[in-house]
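Here is a short note to go with the model. Please read it with the structure open.

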Amino acid sequence: MPARTPLDANVILAATEEILRRHGPDKATVVDVARALGVSHAAVYKHFPSKQALREAVTRRWLDRNRDALSVIAADSAVPPAQRLRTWLHAVLAGKQAKIREDPELFAAYGILAAAHSSVATDHVADLLGQLTAIVADGAADGSLRTDDAEATARVVFNATAKFNHLAHAAEWQNPGIGAELDEVCSLLLDGLHAPTSP
């Protein structure tokens with residue numbers, strides 16, 4: 001059966017997402033994707049050289065969907081850095097809660113890649129750390145946050161909030177009160193980072 005639309009990477013990625021949702025990451029195959037598109041699996045391999053490359057590309061695209069919303073929060077200079085940091089950390093948690101609730105199969109695919117130390121997972125974390133570093137740097141620049149190294153401080157904040165962003169804790173993200181727990185951790189971290197005002 002001929003393909004109904006021109007075959008390009010985006011068409012393949014969209015079909016792969018649907019196949020992953022239908023079959024899950026353990027059972028989904030390139031043949032399934034090709035069949036859904038009405039092409040041979042060789043046609044898919046012209047765009048993605050392996051099943052791993054296809055899985056990485058579709059997962060990267062899926063992860064990137066909420067990156068822009070987080071970037072907007074991180075870059076909003078109208079919001080004081082301390083408040084922005086708290087809002088951003090809550091948005092990271094909310095985004096991950098939504099992904100695991102609404103797209104469990106794609107979330108599982110991400111978990112497989114993270115366990116294999118795929119560049120998709122490391123790039124995702126690096127992107128988050130970059131946004132967090134920008135917030136901390138703004139706080140250092142306006143004197144509201146105390147740090148000599150925004151990047152190192154951002155890494156500490158990210159690691160200190162691992163319960164709310166690391167895959168190992170995914171089962172806890174739907175617990176009632178998880179948002180309140182994050183808020184308590186944010187308050188503690190911000191108290192430590194708060195730059196005292198001069199008398």
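1. Start with packing. The buried residues of helix 6 contact helix 4 (51-64), helix 5 (67-75), helix 7 (104-115), helix 8 (119-142), helix 9 (150-160) and helix 10 (178-193). Contact here means heavy atoms within 4.5 Å. Helices (H or I, at least four residues) are DSSP runs, numbered from the N terminus.

2. A word on the basis. This is a predicted model, in which local features need pLDDT of at least 70 and side-chain atom pairs count only at pLDDT 80 or more, while totals for chains, interfaces and linings use all residues. Residues are numbered from 1 along each chain as its sequence is written, and side-chain values use heavy atoms, with hydrogens and water left out.

3. Helix 6 itself covers residues 81-102, 22 residues in total. From first C-alpha to last it reaches 31 Å, close to the expected 32 Å. The expected span is 1.5 Å times one less than the number of residues.

4. Which residues of helix 6 are buried? They are P81, R84, L85, W88, L89, V92, L93, G95, K96, Q97, A98 and K99. Buried means under 20% relative accessible area, exposed over 50%, and partly exposed in between (1.4 Å probe, protein chains only).

5. K99 deserves a look. K99 lies over the face of W62, 4.2 Å from the ring centre. The rule asks for NZ of Lys or CZ of Arg within 6 Å of the ring centre and within 35 degrees of the ring normal.

6. Now the aromatic rings. Rings of Phe, Tyr and Trp (its six-membered ring) pair if their centres lie within 6.5 Å; planes under 30 degrees apart are stacked, over 60 edge-to-face, the rest tilted. The count comes to 3 aromatic pairs. F107 and Y110 form one that is edge-to-face, at 6.4 Å between centres and 70° between planes. These two residues are 3 apart in helix 7, so about one helical turn separates them. F107 is buried at 10% relative accessibility, and Y110 is buried at 5%.

7. F107 also pairs with W173. Their centres are 5.9 Å apart and their planes at 85°, so this pair is edge-to-face. It links distant parts of the chain: F107 is in helix 7, W173 in the loop between helix 9 and helix 10, 66 residues apart. W173 is buried, at 0% relative accessible area. Ring pairs join W62, F107, Y110 and W173 into a cluster.

8. Last, check H117. H117 has a positive phi of about 60°, although it is not a glycine. It sits in the loop between helix 7 and helix 8. Is H117 buried or exposed? At 68% relative accessibility, H117 counts as exposed.
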